[in-house]
Amino acid sequence: MAVSSPALAEALADIVGREHLVDEAAALDAHAVDGVTPRWVARPGGVEEVGRVLALAHTEGLAVAPRGSGANLALGNPPRRLDLVVDLARLNAVTDYVPEDMVATVEAGASLAALGRRLAERGQMLALDPIGGSTRSIGGVLASNAAGPLRFRYGTARDLTLGVRFVQADGTTTWGGAKVVKSVTGYDVPKLLVGSLGTLGVVVGATLRLHPLPLATGSWLSAWSSRAAAEGFLAALLGSSLEPERVTLLNREASRDGELALLVSIASVEEAVGSQGAALTRLAAGHGGHVQEMPASCWGRLGEALRGAVALRLSCEPKRLIFWLGELERLASRLGLRAAVVAQAGSGVLQCALQGEVSGAALDGTLLRPLRDGLAPEGGSLVVERAPAALKAELDVWGPTHPDVLAIMSRLKREFDPDGILNPGRFVGGL
């Protein structure tokens, strides 16, 4: 027999404490996901409490959405249903840190900024910098496999995750992966969970690969009057002996000065940074570009260009980055939209914020489908990362998935979450 709502609220309060359970309508609205408001928000104080909350949800058939900082809740389809948000903010400890091994184990609610401060004390860092994301939680970054400009040198969240501790849909706590870099061979669970948007399990902690903080860094911005000139310089830069740490392209709307801009950082010892910066300036001048040195803080401001109701992420062949930038701008202009684009050279990822009014049908027919059709032959994709719920209802935010791939993903979903209670409907193919 189903347990009544007051009884369920009492059971949740018994697990997390009454002060850590939200069930008042006004407060619940702030935790809505794409307009779907939960019945409760529970804030467990430890892994054992997360397990008990999930076990109760499993028994009662409650649909659950894990939450970190809430910065990326707009990613994904609207949930088919939502009963309980499990807020992991109280799980914010560094549970194990061995500087000599360049490895740290961290709870999912810890923010990138807080972890960064702790690691900096020992001259180390976690090389993840999703744009506008220093306040994002570790769990949220892993759930979305987020990355930023540092991906150019260090890779994505999936590349830096050695192991994960997660709670399964039935409340069982499980570990997958390894804790020391040299022992990482043959594991699959972290790769499955990272980027799965909390649909396979609730990540409560992770063991992460660290890197030394560079002794010196420098940043330079080059401006270009045409895409052809920028493309020529970018090809020369990537083919040169220079070793940039980050290479990011901003279109005219994102740079806000009427020109394409290429932002580059170099990290090494001070002498090498100086000499490579001078070589970078000469290389740009040889291609007709003007270069100015920038403060390191410029990287933290990239997110300012990507504010807007609709956000896209386009992945393409890196060598065709500027071509797809042009296509994106061209199709957006046909809809009367302004497109601010921040693109990562070397990885072929373009993040775009669209400004202006548009219907879902027009956006899909004029921009999304043509770009997806063009990207498909080179293995590219286009994801709507953020949009109003009403617009999402008219779109396939993830884009088409090959039937064989979707069949594998569906099988994994059934194995990890047979009752479909974890973020139901939000992932690729409505999983």
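**Pockets, a cavity and a domain contact**

Let me start with helix H4, which gives the most to the lining of the second largest pocket, with 7 residues. This is a predicted model, where local features need pLDDT of at least 70, side-chain atom pairs count only at pLDDT 80 or more, and totals for chains, interfaces and linings use all residues. Residues are numbered from 1 along each chain as its sequence is written, and side-chain values use heavy atoms, with hydrogens and water left out.

Some terms. Helices (H or I, at least four residues) and strands (E, at least two) are DSSP runs, numbered from the N terminus. A pocket, on a 1 Å grid over the protein atoms alone, is an open set of points with protein on both sides within 12 Å along at least five of seven lines. A cavity is a set of points where a 1.4 Å probe fits but cannot get out. Lining residues have an atom within 4 Å of a point. Points are joined across faces, edges and corners, and a volume is the space filled by probe spheres set on them.

Back to the second largest pocket. Its volume is about 770 Å³. The lining has 28 residues, and nearest the centre are Leu128, Asp129, Ser134, Leu150 and Arg246. Helix H4 (112–120) and strand S7 (124–125) are the elements that give two or more residues. By class, we have 17 nonpolar, 7 polar and 4 charged. Here Ala, Val, Leu, Ile, Met, Phe, Trp, Tyr, Cys and Pro count as nonpolar, Asp, Glu, Lys and Arg as charged, and the others, Gly among them, as polar. Domain 2 (94–212) and domain 3 (216–301) each put at least three residues into this lining.

Next, the largest pocket. It holds about 1,400 Å³ of space. Its lining counts 50 residues, with Leu75, Ser144, Arg313, Glu385 and Trp398 closest to the centre. Elements that each supply at least two lining residues include helix H5 (138–144), strand S16 (310–315) and helix H15 (403–416). The lining splits into 26 nonpolar, 15 polar and 9 charged residues.

The largest cavity has a volume of about 340 Å³. Of its 26 lining residues, Pro66, Gly68, Gly139, Gly140 and Ala143 are closest to the centre. H5 turns up again, with the largest share of this lining at 4 residues. Strand S3 (64–67) and strand S10 (202–209) also supply at least two each. The classes are 11 nonpolar, 12 polar and 3 charged. Where does this cavity lie? Domain 1 (5–87) and domain 2 (94–212) both give lining residues, so the largest cavity lies between them.

On to the domains. The bounds come from an automatic or database domain assignment, and domain 4 spans 306–392. The C-alpha centres of domain 3 and domain 4 are 24 Å apart. On the domain 3 side, Arg227, Leu249 and Asn251 supply 44% of the area buried against domain 4, more than any other three residues.

Last, one residue. Thr105 sits in strand S6 (residues 103–107). Is it buried or exposed? Thr105 counts as buried because its relative accessibility is 9%, and the cut-off for buried is under 20%. Leaving out residues up to four places away in sequence, Thr105 touches Ala93, Val94, Thr95, Asp96, Ala206 and Thr207.

How values were computed: Buried < 20%, exposed > 50% of the residue type's maximum accessible area, 1.4 Å probe, protein only. Contact = heavy atoms within 4.5 Å. Buried area = accessible area lost by both parts, 1.4 Å probe.
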